[in-house]
Each structure stands twice: as C-alpha cells, then as structure tokens.
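Okay, thanks everyone for coming.

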Amino acid sequence: MSEQKLEIFNVLNYLSRGYELENILKEGTFGTFPSAQDCIKYLVDEGYLEGEFDDGSSSGALTAEEISKKYTVAELKDILRENGLKVSGKKQELVERVLPVLNDDSSEPASKDVSYDLELTQKAKEFLDENQWIDLYMFAIAMFRFDDYETYVNNSSDDMIQTAHNFCDEVISKALMANQFLIFIDGLSAKAHVFAYVGDYESFLDYDLQRFILGLNPIFMDAQSYATYDVVNYANILNLKNVTEKLDLGSLKKRFDRIWVKSNIKNTTVPKKTAFKILQNSFAIADEENASERFEELNFDLKEKYFDKKFGI
C-alpha cells in the first residue's frame, strides 16, 4: 500500500498545482497500477476525483444478437468463406461461427479512447494536507526507501521539517559508523535539499558544497562502491551552479574555504586549491551541450590521477 500511496499522492499533488491530467499520467509508469487508466479509475472509484470519466473499458465486441441484425445470411457466408470456415447451417449457426471472427477483426477498434474531465474532491484535498510530508520526501529524500521514511514519519512527534532533518542526521551518523560512504554523501545531499525545501539556500549551499568536497576526498571507499563511483556528481554540480548563479550568497571561494575546514579532512585525496579549480571547471562543463559525456571524461581522469593508486582497486 505504501508504494500505491506515493503514486496517488504524486498524481493528486500535480493536479492541485494546475498540471493537466493527461500530462501527468503516462502509460506504464505506475508500479502498482497496470496502466494510467487503471490509476484514474481507482482515484475516481475511491472518491479522490470527480467529474466525467470514460476509461475506455468497453471492448467494442459485437454480440450474437447484434451480428444477426447487422448481417444477412449471404453476408455471413461470405465472411466465413473468406476465413476458410464452414458456410452451411442455419443463420444462428452462422452467427455463432462468425462471432469470434468479427470480434477479432483488427479493423474493429479494441477499445475506446480514454476521456476525462475531472477535478479534486474534498477527500483528495484532505489526503494531500495529511500527507504533505510525501511532497518533502519526493523533493529531498527520494534516494532512500519510501517505506523506511514513512515508518520514520509515523514514529516521529516532531513537525515535518524537523522530522526530515532528524532522518537525514541518523542516515549520516549510521553511514559513518558502518563505513558506507555513498550513503553518507547521499545523506548530506538530502539534508541540503530539506533546507532548500523551506528556502534556506545558505544552508543548502553549505551542505551540498560539503558533499562536493568530500566527494573528492572520500573518508573511506570499498571496491564495490568505487566500481561505480562518480568523483564529481553531475546533479550536485547543477545544484551548486544554479544556486550560486541565481542568488547573491557572497563569495563562493570564501564559502568553499570555510566548508573545507568544517569537513575536517584527515587524509586529502585532492588538494584544496585543485578541488576549487575542479569546481569552477565543472560549472563550465555543465553549460556544454555534451555535458554528461564531458563529466564522464572528467571522472575518468580524476580517478586515474588521484584515486586509483590511493585506493589500490
């Protein structure tokens, strides 16, 4: 039910923000629903949406009575003959024999188009209000399992924002104790986005910058993590770039120096001066048309120069 709850919230939440239903629902993107149409039908049946809805469930299949009225005996025999079937017998026999042929005819539409003119019900609005924490989860914490976060929320007595911070702090702490570096930096990124959710971009920049700095200077790294590790994370760079360019938050170099000290790096992999140059270079790469390919090249070069020998992997 948890996964379905997440899907329901996302559809209703987008609708509440003015998105068109046809732009929200995409066939095959609903894990607990076979299709977008099934999702819509569920929301209507459960009272979350109201209005006109035709799910296209009618198959368009002809009944024996409809065939008998629509076709003469001669026409029925022609259809049977074209399909290599027996043409003798009374009309009712011909109808029964031709029934599967006509209903399998690819020229007949298998279903009607889905059409809807729906809006949120009061039940839907109350559901969104009661589960607003899911919006925060999707914005900041979606890299972690929804079931785990839902359980954490249900057991918390704090408000939505403080609960999210507490969850991130626990993730970071447990990851450090278990030497799980990738989870650790994901926790930093999640913490940053919780601050961004409430518009605290100063704190967001501090945590996401720390994620960048420690990404270049891993506290620990095992072979399995290193195999797929991106030293410079593309999404992290885009976040940092967008915030620093759109908001006047002071000198990036001074902030970088402060966060470097705060990060308390004991064993440097990439020196501070070089790390800042990599940050500036990454901002420039992010503007290029082939940015994703260029970041792959950057990560390969950084691993080869600074990481492979050190980690001995």
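Predicted model: local features only at pLDDT ≥ 70, side-chain atom pairs only at ≥ 80, totals over all residues.

So, which side chain does Asp135 meet in a salt bridge? That would be Arg17, with 2.8 Å from N to O. What I like here is where the two sit: Asp135 is in helix H8, residues 133-141, while Arg17 is in the loop between helix H1 (2-16) and helix H2 (21-24). So the pair ties together distant parts of the chain, 118 residues apart.

The average pLDDT is 88, and 89% of the residues score at least 70. The stretch to watch is 106-112: pLDDT stays under 50 there, and the model gives those residues ten contacts beyond four places in sequence.

Last thing, the surface. Glu50, Glu52, Asp117 and Glu119 form a negative patch. Strand S1 (49-54) and strand S2 (115-120) are the elements that each give two or more residues to that patch. Glu119, for one, is in strand S2.

Okay, over to you folks.

Conventions:
Residues numbered from 1 in each chain as written. Heavy atoms only, no water. Patch = residues over 30% accessible without salt bridge, like charges linked within 9 Å, V, L, I, M, F, W, Y side chains within 5 Å. Areas by Shrake-Rupley, 256 points an atom, 1.4 Å probe, with all protein chains shown as cover. Salt bridge = Lys/Arg side-chain N within 4 Å of Asp/Glu carboxyl O. Lys, Arg positive; Asp, Glu negative; His and termini not counted. Charge placed at Lys NZ, Arg CZ, Asp CG, Glu CD. Helix = DSSP H or I, 4+ residues; strand = E, 2+ residues; numbered from the N terminus. pLDDT = per-residue confidence, 0-100. Contact = heavy atoms within 4.5 Å.
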